[in-house]
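Dear colleague,

I am handing this structure over to you, and I would ask you to look through it before reading my notes. What I found is set out below the structure, topic by topic.

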Amino acid sequence: MSRAVIRATIEDAIPAIYTIEEAKAIIDGYPAHEREARANGIPILGSGRIFPISEEVIKIPAFQVPEYWPVLGALDFGYDHPTAAVKIAWDRDSDCIYIINAYRRRQTTPIIHAAALKSWGDWLPWVWPHDGLQHDKGGSGEQLAAQYRDQGLRLRKTRVTFQDGSNGVEAGLMEMLDRMQTGRLKVFSHLNDWFDEVRLYHRKDGKVVKEYDDLMSATRYAIMGKRHAMTRPVYMLSGLSYGVLDDVVGY
């Protein structure tokens, strides 16, 4: 027996069942973070949702990022679950962070991940979490972070923390939510994998469910380490070495 799933939106009921005005009134009657699911059939886990906010609040069409905005990459390591990465741009004048690139891929080696991510800028600084200190279980004995450095990604020497040295998950999530609610976190609208995750990112019995959260984790690391973001280095024009740059930014 063959099966199919057909998704209908409230717009499909116009004008046969509702007028435009009636449909709008129905949509406006739902909480903002439930409207995509109620009106358009987009699945979410609503009752324990970590970021109960309408996607339209954070979505923004892609645009050319000004060169004077500092940028940063953030990695979340994985294998059986995906390795994920985001690239942020930070408008310091408005303290608004933009998610401008997202990457997620599972059961692939650091060689493949690094090759894909270097296209974001071979000079781009990268932050990473504590599990990058783990050694390769395949027998090489090399730390995960070191393997990415060997492939040309410019990972910082130490794992990411907040400026005070802490790295609490809840503190990171609350900063993300606060930024969403105050218009200081925006995400390029074509990053579908990122929006797929945010819809399903939820708690159970008060605890964050650690499934399908790889891009959410990478975003949290990026925001934690935003002070390490930088503009395209002057060495690319002046011929300074990586070593000189490393001394300047404290890698």
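A word on exposure comes first: a residue is called buried under 20% relative accessible area, exposed over 50%, and partly exposed in between, with a 1.4 Å probe and the protein chains only. Please keep in mind that this is a predicted model, in which local features need pLDDT of at least 70 and side-chain atom pairs count only at pLDDT 80 or more, while totals for chains, interfaces and linings use all residues. Residues are numbered from 1 along each chain as its sequence is written, and side-chain values use heavy atoms, with hydrogens and water left out. Helices (H or I, at least four residues) and strands (E, at least two) are DSSP runs, numbered from the N terminus.

Lysine 118, in the loop between α4 (110-117) and β5 (125-127), is partly exposed, with a relative accessible area of 34%. Its C-alpha atom is 6.7 Å from that of leucine 153, although lysine 118 and leucine 153 are 35 residues apart in sequence. Arginine 156 belongs to the loop between β6 (154-155) and α6 and is buried, at 10% relative accessible area; from arginine 156 to histidine 228 the C-alpha distance is 9.0 Å, across 72 residues of sequence.

The aromatic rings

Rings of Phe, Tyr and Trp (for Trp, the six-membered ring) pair if their centres lie within 6.5 Å, and the planes count as stacked under 30 degrees apart, as edge-to-face over 60 and as tilted for the rest. By this rule there are eight aromatic pairs. Phenylalanine 63 is partly exposed, at 30% relative accessible area, whereas tyrosine 98 counts as buried at 11%. Tyrosine 98 also forms a stacked pair with tryptophan 69, with 5.2 Å between the centres and 20° between the planes. That pair, too, links distant parts of the chain, since tryptophan 69 is in the loop between β1 and β2 and tyrosine 98 in strand β4, 29 residues apart. Both tryptophan 69 and tyrosine 98 are buried, and Phe63, Trp69, Tyr98 and Phe188 form one aromatic cluster.

How far apart are the end C-alpha atoms of helix α6 (residues 169-181)? They are 18 Å apart, which agrees with the 18 Å that its 13 residues should span at 1.5 Å a residue (the expected span being 1.5 Å times one less than the number of residues). The buried residues of α6 are Gly172, Leu173, Met176, Leu177, Arg179 and Met180. Seen down the helix axis, the buried residues of α6 fall within an arc of 160°, so they line one face of the helix, the arc being that of the directions from the axis to the C-beta atoms. After α6 comes glycine 183, with a positive phi near 75°.

In helix α8 (residues 214-224), 11 of the 11 residues are buried, so this helix is largely enclosed by the rest of the structure. Among the buried residues of α8 are Asp214, Arg220 and Tyr221.

Two aspartates with positive phi

Most residues other than glycine have a negative phi. Aspartate 95, however, has a positive phi near 55°; its place is in the loop between β3 (83-91) and β4, and at 24% relative accessibility it counts as partly exposed. Aspartate 205 likewise has a positive phi, of about 55°, and lies in the loop between β8 (203-204) and β9 (207-208), where it counts as exposed at 75% relative accessibility.

With kind regards
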